[in-house]
Amino acid sequence: MTILLSDPRVRAVPVRENAEPLVRLAPSFGPARALVRAGLAERLAAAAADLPAGIALRVVEGHRSVAHQRAIIDAYSAELRAARPEAGTDELHRLTSRFVAPLEVAPHVAGAAVDLTLVDACGDEVDLGTTIDATPEASDGRCFTAAAGIGADARAHRDLLARVLGGAGLVNYPTEWWHWSYGDRYWALLTGAPAALYGPVDLAVAA
């Protein structure tokens, strides 16, 4: 059963902030030079080293400000409300959280998550079944990590991501093949950790 970020069990996980700084990823992870917690950066480096020759991780987003996260939530919620006017408040919240984390548990706001893909030796993205940030509606559910309606190459590439990132200690949000996190409340719930390592962080403290 898929656990969504709106699940009360996620919010119930305590946060024991370890005060790790935000650091900027190396250029080898792509031009975005995303900001992430130091512990996550170390694990991404380990995952990258475990990839086959000619394949690399490209991180397109890491830390988000509270304002940015709120804007994404509001925009997607409005899109869903227009498409499903019959949906009540609770149902709209559940549907929104399939794709965008509620503010109070958002891994990106904690600097604990990345959105990423795989690229080849020429820097071109390989086939992963959908583009990054394809919504469940626009992709007919193919954005879900375990979706059946993708080709063999896309499945192999998603499995490769799961092997190297999972092996480095990250967890995937199963409605978004590109979203992986470490140290946040969702990670703690899935791994059985007693508490999250990272809470929301102000961009002003970034290194």
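The side chains of arginine 37 and glutamate 17 meet in a salt bridge, 2.7 Å from N to O (a side-chain nitrogen of Lys or Arg within 4 Å of a carboxyl oxygen of Asp or Glu). Arginine 37 lies in strand β2 (residues 35–37) and glutamate 17 in the loop between α1 (8–11) and β1 (22–24), so the pair ties together parts that are 20 residues apart in sequence. The whole structure has 6 salt bridges. This is a predicted model, in which local features need pLDDT of at least 70 and side-chain atom pairs count only at pLDDT 80 or more, while totals for chains, interfaces and linings use all residues. Residues are numbered from 1 along each chain as its sequence is written, and side-chain values use heavy atoms, without hydrogens and water.

**Sheet**
- An open sheet of 4 strands has the order β3-β4-β6-β5 with antiparallel pairing (strands are DSSP runs of E, at least two residues, and helices of H or I, at least four, numbered from the N terminus; strands pair if DSSP finds at least two bridges between them).
- Its edge strands, β3 (56–61) and β5 (171–172), each pair on one side only.
- Between β3 and β4 (residues 113–119), which run antiparallel, there are 5 bridges.
- Helix α2 (residues 38–49) packs on the sheet and touches β3 and β4 (contact means heavy atoms within 4.5 Å).

**Helix pair**
- Helix α3 (residues 66–83) and helix α4 (residues 89–97) pack at about 120 degrees, with axes 10 Å apart (axes are lines fitted to C-alpha atoms, for helices over the stretch in contact; angles run from 0 to 180 degrees between N-to-C directions).
- In α3, Ile73, Tyr76, Ser77, Leu80 and Arg81 meet Leu92, Leu95 and Thr96 of α4.
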